[in-house]
Amino acid sequence: MNKFYLGIDLGSTTSKAIIVNQNDEIIGRGITNTRANYEVAAEIARLEAIYDARFALMKRSMHAEIEASPELARYISDLEEVFRYLEFRTRAYRLNRQMADTTATYFAPERQPSILAALGTVFAQVIADVKTQYLQSALGAKSQFFRDIFFEQYNARVAELGSGYYDPMMTLFDKSITPVENEIIPFDFVALVHEAMEVLREKYAELADRPPSRASSFDPELDLLMGNVARAGDPIRRYIDRIAEQEIPIANMVGTGYGRALLPFPKECIRSEILCHAYGAHACFPETRTVLDIGGQDTKAIQVDAQGLVTSFQMNDRCAAGCGRYLGYIADELGITLNELGTTALASQQDATICSTCTVFAGAELRELQNLGVPRADILGGLHKAIVTRAMSLLARSGGVRNEFTFTGGVARNPAVLKYLDAAEETP
Amino acid sequence: MSIAQPKAAPPVRPVVKERSMVLQKEMLADQFRALTAAKETGRKVVYTFVPGNLSELIQAFDMLPVYPEINALQWGMRKGSAGLIRDAENYGFSEDVCTYVKCDIGMFLNGNEGPTGERLPPPDLLLLSYTGCFTFMKWFESLQKLYPGVPTAMLHTPYVADGVVTDDMVEYMVRQLRDEVIPKMEAVSGRRYDESKLAVHLGLAAEAEDLIVKIFESTRAVPSPIDAYFAGVYYIGPVNAGFRGTPAAVEYYRQLHEEVSERARAGRTPITPEGELDEERFRLVVEGPPNWTHFREFWKLFYDMGAVVVASSYTKVGGVFDDGFRHDPDRPLESLARYCLTCYTNLSLPTRIEMLERAIVDYRADGFLINSIKSCNSFSAGQLLIMRELEGRLSIPVSFIESDLVDPRYFSYANIKNRLDSFFQVMEQRKALARTVEVS
């Protein structure tokens, strides 16, 4: 029987889970935002990873069919997207119920009808908007977390209602999201997949009905799927039931991250994230001797030996300056998404000088520079540079870069940080 | 598998008290009583410091010592330092000033009530033995202002920058003792300097020092019978609090040595606040003072993981005796000078590194840890250099944590635990790898 391994990283900002097979391949990934209830965050990430693994296993077992009809791979990807939408919808319904309850307990009886009516309108719009985004795979680089996806549309739709609704509707969301986020919402995997297939059938049928001129671009896989709507699901249905029922037996597990002690894992399966980052970097790049990890709330410089074992580490855990949370705050201040931050900074012509990487003071300095007319890209360029300078000083404290250097953590996905880190590495 | 699971409460074990512990408690209580009664008994009071303390000389003049650092750390352990520090900050001391100083100033501002609740007498003499910590000078400048008219005797110890104590240095110090310190002590105490009396105390000091070295060397055993840091700070208590050179100290250390030897013979592990350690899993050398405000919690982070400190630099803060130095009745003032010169805070970084390196090798440590104290310049300066140097020379796991002496605001349990967890896991990995290599 196949063996699987579970890894959970209960971080300060996000909770991640992966499923690894016995060939050391990652076959399932799950991620969610960490919330007050760590156990719920870990469980959601774990379930996401298991669902993801089931789809991956399905693709593997359909290897021959996919080879014969490559559009099936596209079908499965689309199916996953719709499946995620249905998960979103289940949570959204739960949130809607919570919001109705909040209305009943929080607002005066005479205000309740109008708020409930507004909620009804907005909620239907949000569901429709989000469905479109999922079906068109349009979420792209945006946050994939329930709270963020819901709120983005909700915020936009509430704005359309007129200013009188803004405060009560925001209060409604704020008071309702936390209990919903801290609750495990059960899903019936098989039922959701079947429903997803139904939604997909409708999607392809609808696309096929449109005149060809309206298709946005030439997409042979989609064309094939549209032509084979009725048949596309058939070979899959056989696998779905098998895979959905398939247990993913976990032979061993490892838990890490700030919340690791809260995971119900045996003590020997709990590892500090410092060791995990070092070992992970070593596994990917065996010549790595220095690892820089910039996560949501701390920065670590780790020295590692030829076996991937940590020799020493330095941490900046007293201050979130320059960490993911800082970037998130800056993005909020500028009204852009976290993922747009780095790309905007890449356009910097002349990096502004940023003195404070302190999250608390960041807003003030940002606005002062804006008042002076400094272009946004230049401000962001300077800001990313400042983050890197700060990280470099931590690296220096830990003994500098020895041999190959690996950069990990959420901030490693930011292209501007990579740019300035490259530049700093080249300057002796 | 579901994620939620109830957690069982850990069992609480009774506190074990050995005879030496009782003895020490009595000694310190007697000292506080003597201080409180100083006005009635007419004994003169000297305020002075632990590093470079001239205990035997103070005893030769039949004076009583007050150690502000010890009062501060005891206030810290009794959870009373926060308010005193706040008062000193309101009085004008900066947030960055040594928290021992602020605790002491706060104590003054609150009627000089000592940590045991007894009112401490004001000083008749401020004896500033300066051994590498610049803050000591500024501290006594503050005390001079708070106690106007009280004479100050300063003994300046030259920094042993090249790692070698020269005859010139010794002579310079002996001259200060003879021309500055002793005359002031004579004037304040109203007694003549009696070198034969000093020699008797120095002889007793050397006896205690022999025993101290043996006690701290017991950690060569595997498992170690003692923790040389968390218990070590108690063991050095009497010798650092003015008892060096007394028969009481010799008796205490003889008793302690017997207990420790017995534990070593029986292959027993150290005593912790929750009883004897189950198993020694990691042997550490630690640099830097401990945190006092959360001392028990801090210690627990180690003994819960089976970590035992086999040597520490902090327990040498009142004198380095393991390289052969002893107070010498035949050369009284010269040996006091040599004692001050070789105090840990007066040693250069290369010398400190060598000392720590020897300790790591001799006591077979698995790792080296630094507890960096936010407000202690004399210990903190150069610690990263020490760490990197030892990491490079010995290829052992090293780690760096941060806290403070007696300011509870700077003790972050979660941060420290997170770093220590990683450190212990690093050592565990190393040990596992070493075992694999051995087997294959």
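**Figure 1. β6(A) and β7(A) form a hairpin in which five residues lie between the strands.** In the turn, A:Gly308 has a positive phi of about 85°. The model is predicted: local features need pLDDT of at least 70 and side-chain atom pairs count only at pLDDT 80 or more, while totals for chains, interfaces and linings use all residues. Residues are numbered from 1 along each chain as its sequence is written, chains are lettered from A and ligands numbered from 1 in the order in which they are written. Helices (H or I, at least four residues) and strands (E, at least two) are DSSP runs, numbered from the N terminus. Strand β6 of chain A covers residues 299-304, and its pairing with β7(A) is antiparallel, over six bridges; strands count as paired if DSSP finds at least two bridges between them. Seven of the seven residues of β7(A) are buried, where buried means 20 or more other C-beta atoms within 10 Å of the residue's own, exposed means 12 or fewer, and partly exposed lies in between, with C-beta atoms placed from the backbone.

**Figure 2. The side of chain A that touches chain B.** The contact joins 20 residues of chain A to 22 residues of chain B; a contact is a pair of residues whose C-beta atoms, placed from the backbone, lie within 7 Å. On chain A, the elements that give two or more residues to this side are α1 (38-61), α10 (273-284) and β7 (310-316). β7(A) supplies the largest share, six residues. By class, this side of chain A has nine nonpolar, six polar and five charged residues. Nonpolar here covers Ala, Val, Leu, Ile, Met, Phe, Trp, Tyr, Cys and Pro, charged covers Asp, Glu, Lys and Arg, and the others, Gly among them, are polar.

**Figure 3. A four-stranded open sheet in chain B, with parallel pairing in the order β2-β1-β3-β4.** The edge positions belong to β2 (64-66) and β4 (152-156), each with a single partner strand, so one side of each has no neighbour in the sheet. Neighbouring strands are turned by 25° against each other on average, direction ignored. Axes are lines fitted to C-alpha atoms, for helices over the stretch in contact, and angles run from 0 to 180 degrees between N-to-C directions. Strand β1(B), residues 45-47, is joined to β2(B) by three bridges and to β3(B) by two. B:Tyr47 has bridge partners in both strands: B:Val66 in β2(B) and B:Leu126 in β3(B).

Figure 4. Six of the six residues of β3(B) are buried. In a regular strand, side chains alternate between the two faces of the sheet. In β3(B), B:Leu125, B:Leu127 and B:Ser129 are buried on one side, and B:Leu126, B:Leu128 and B:Tyr130 on the other. Five bridges join β3(B) to β4(B) in the parallel sense, with B:Tyr130 partnered by B:His156. Helix α7 (residues 135-146) of chain B forms a right-handed β-α-β unit with these two strands; right-handed means that, with the strands pointing away from the viewer, the path from the first strand over the helix to the second runs clockwise. Helix α8 (residues 167-189) of chain B lies across β3 (125-130) and β4, running at about 165° to β4(B).

**Figure 5. Helix α4(B), residues 68-77.** Nine of the ten residues of α4(B) are buried, among them B:Ile70, B:Leu73 and B:Trp75. The cover over these buried residues includes β1, β2, α5 (81-91) and α6 (99-109) of chain B. Just after the helix, B:Lys79 takes a positive phi of about 60°.

Figure 6. Chain B as a whole has 18 helices and ten strands, and 49% of its 440 residues count as buried.

Definitions and conventions: Two residues are in contact if their C-beta atoms, placed from the backbone, lie within 7 Å.
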